[in-house]
Amino acid sequence: MVKRKRFNQTSILKKLNAKCERCGISARSKDSNLTIHHKNHKSDDTDWRNIIIYCRKCHSIVEGTDKKKGERR
């Protein structure tokens, strides 16, 4: 039996050469840290029209949170 390789979000975004839709930083940039944002804030809604790609910095700005502190602004 061949074990399948699991892919993570970072490797998929790099393969697609994705970019932050706010600042434009590329997934291939060393400092990108791209994440997926759900427009309707429901992570179980996997419809691609519900997804935006942001870097962590822009995601924090859009969400209005400081991810390090876990607080709302």
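Colleague: What does the side chain of His37 make a polar contact with?
Modeller: The side chain of Glu63, at 3.0 Å. Keep in mind that this is a predicted model. The side chain of His37 is also joined to that of His59 by a polar contact of 3.0 Å.
Colleague: Where is His37 found?
Modeller: In strand β1, which covers residues 34–38.
Colleague: Is His37 buried or exposed?
Modeller: Buried. Its relative accessibility is 5%, and the cut-off for buried is under 20%.
Colleague: What else does His37 touch?
Modeller: Leaving out residues up to four places away in sequence, His37 touches Asn50, Ile51, Ile52, Tyr54, His59, Val62 and Glu63.
Colleague: Switching to pockets. What volume does the largest pocket have?
Modeller: About 150 Å³. Its lining includes Ile36, Trp48, Ile51 and Ile52.
Colleague: Which elements supply at least two residues of that lining?
Modeller: α1 (9–15) and β2 (51–55).
Colleague: And how does the lining split by class?
Modeller: Nine nonpolar residues, one polar and one charged.
Colleague: How many salt bridges does the count come to?
Modeller: One. Arg49 pairs with Asp47, and the closest N and O atoms are 2.7 Å apart.
Colleague: Is Arg49 buried or exposed?
Modeller: Exposed, because its relative accessibility is 66% and the cut-off is over 50%. Asp47 has 31%, so Asp47 counts as partly exposed.

Methods
Residues numbered from 1 in each chain as written. Predicted model: local features only at pLDDT ≥ 70, side-chain atom pairs only at ≥ 80, totals over all residues. Heavy atoms only, no water. Helix = DSSP H or I, 4+ residues; strand = E, 2+ residues; numbered from the N terminus. Buried < 20%, exposed > 50% of the residue type's maximum accessible area, 1.4 Å probe, protein only. Polar contact = N/O pair within 3.5 Å; in protein donor to acceptor, adjacent residues only side chain to side chain. Contact = heavy atoms within 4.5 Å. 1 Å grid on protein atoms, 1.4 Å probe; cavity = no way out; pocket = protein on both sides within 12 Å on 5 of 7 lines; lining within 4 Å. Points joined across faces, edges and corners; volume = space filled by probe spheres on them. Nonpolar A, V, L, I, M, F, W, Y, C, P; charged D, E, K, R; others polar. Salt bridge = Lys/Arg side-chain N within 4 Å of Asp/Glu carboxyl O.
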